[in-house]
Amino acid sequence: MIYLYATSVFIGFMVASTALLLVAERYLANYGTCKIDINAGHKNLEVPGGSSLLSSLIDQQIFIPSACGGHGTCGFCKVTVASGGGPILPTEMTFLTRAEQRANVRLACQVKVKNDLQISIPEEMLNVKLFTAVVASTRDLTHDIKEIRLALQEPAEIDQRPGQYAQVRVPSKDGPVFRAYSISSPSYDKNLIELNVRLVPGGLGSTYLHQLKVNDQVFFTGPYGEFRLSEEAATEIICVGGGCGMAPMKNIIFSLYARWPERSTWLFFGCRTTKDVFYLDEFLAL
Ligand code: FES
């Protein structure tokens with residue numbers, strides 16, 4: 001009995017002190033201004049300490065991929081933190097391979113900026129921009145996939161490669177979150193991006209995008225993705241996918257055709273019924 005009582009008191013004490021520490025850290029800790037060195041001096045930032053690395057970078061217009069709104073559940077926001085990041089948290093472990101852990105890869109949303117940091121990110125990520133666009137058109141491609149074309153306002157042009165994706169800002173009750181969608185329009189279309197969005201029941205991003213009307217304003221960041229097509233004109237390309245996996249393949253095929261009309265390219269598209277086939281006319285015309 002005494003043993004049980006002592007254990008409960010001890011656990012209660014530990015829970016209370018942890019809660020107190022968290023509250024103290026939240027409201028009393030003052031980390032001052034911290035420096036973030038990106039890619040060995042390529043870019044140097046000064047940010048107020050106390051926020052996550054992900055939001056500190058976003059505040060400075062550096063957009064790291066993130067599909068879960070910084071909740072540590074998508075694993076997209078990987079950056080290498082050479083120093084100042086503290087130990088890897090249990091919340092990061094499931095998303096990091098052993099090799100990544102050894103290489104100091106971290107989830108930017110889980111690293112708190114408490115002191116100066118040295119990080120590295122792919123150079124291309126420094127060119128990712130926040131775009132303002134309006135809906136130019138929407139149309140049903142199948143019973144659950146919509147094509148949504150976004151006309152760019154600011155910046156007015158995008159430089160994307162086939163296979164890259166954009167992250168659309170989606171309003172939610174907990175504040176905006178980002179959802180990733182492949183760009184289906186060819187890279188020579190500089191003033192718009194086209195998305196193929198399958199409606200996922202209860203899905204935040206697809207529900208938002210499916211209810212958009214012409215002229216609605218949309219924000220997105222991009223382009224993201226390190227996929228690169230072979231520059232060898234003699235290399236045959238084989239695209240395999242299904243459903244809204246059509247998006248990157250359409251971009252690849254139309255972009256390729258514009259550049260190398262003779263290049264051999266195959267498309268294998270899987271679907272359950274003939275009603276799920278789309279872009280057939282466009283491909284036949286090509
Ligand atoms: S933003 Fe999703 S895990 Fe970091």
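Which strands form the open sheet, and in what order? I will start there. Six strands make it up, in the order E9-E8-E11-E6-E7-E10, with antiparallel pairing. Strands here are DSSP runs of E with at least two residues, helices are runs of H or I with at least four, and both are numbered from the N terminus. Two strands count as paired if DSSP finds at least two bridges between them.

Before going on, the basis. This is a predicted model, so local features need pLDDT of at least 70 and side-chain atom pairs count only at pLDDT 80 or more, while totals for chains, interfaces and linings use all residues. Residues are numbered from 1 along each chain as its sequence is written, and side-chain values use heavy atoms, with hydrogens and water left out.

On confidence: pLDDT is the predictor's confidence in each residue, from 0 to 100. The chain has a mean of 90, and 90% of its residues reach 70 or more. Helix H1, residues 2-27, has the lowest confidence, with a mean of 54. Strand E7, residues 145-154, has the highest, at 98.

E8, residues 165-170, pairs with E9 over 6 bridges in the antiparallel sense. Within that pair, Val 168 has Arg 179 of E9 as its bridge partner.

Two cis peptide bonds next. One joins Glu 154 and Pro 155, with omega about -10 degrees; Pro 155 sits in the loop between E7 and E8. Another runs from Gly 222 to Pro 223, with omega near -10 degrees, and Pro 223 belongs to strand E11, residues 217-224.

Now the hairpin. E1 (residues 33-38) and E2 (residues 43-48) run antiparallel and are joined by 6 bridges. Ile 38 has Lys 43 in E2 as its bridge partner. There are 4 residues between the strands, and Asn 39 takes a positive phi near 50 degrees. Ala 40, in the loop between E1 and E2, has a positive phi of about 50 degrees although it is not a glycine. Is Ala 40 buried or exposed? Exposed, at a relative accessible area of 76%; the cut-offs are under 20% for buried, over 50% for exposed and partly exposed in between, with a 1.4 Å probe and protein chains only.

Asn 104 has a positive phi too, near 65 degrees. That residue lies in the loop between helix H4 (98-102) and strand E4 (105-107), and at 36% relative accessibility it counts as partly exposed.

Last, the cores. A nonpolar core is a set of buried Ala, Val, Leu, Ile, Met, Phe, Trp, Tyr and Cys residues joined through side-chain atoms within 4.5 Å. The largest has 25 residues, and those touching the most other members include Ile 36, Ile 38, Leu 53 and Ile 121. E1, E2, helix H2 (53-59), strand E3 (78-83) and strand E5 (117-120) each give two or more residues to this core. A second, separate core has 21 residues, among them Ile 148, Val 168, Val 177 and Val 197.
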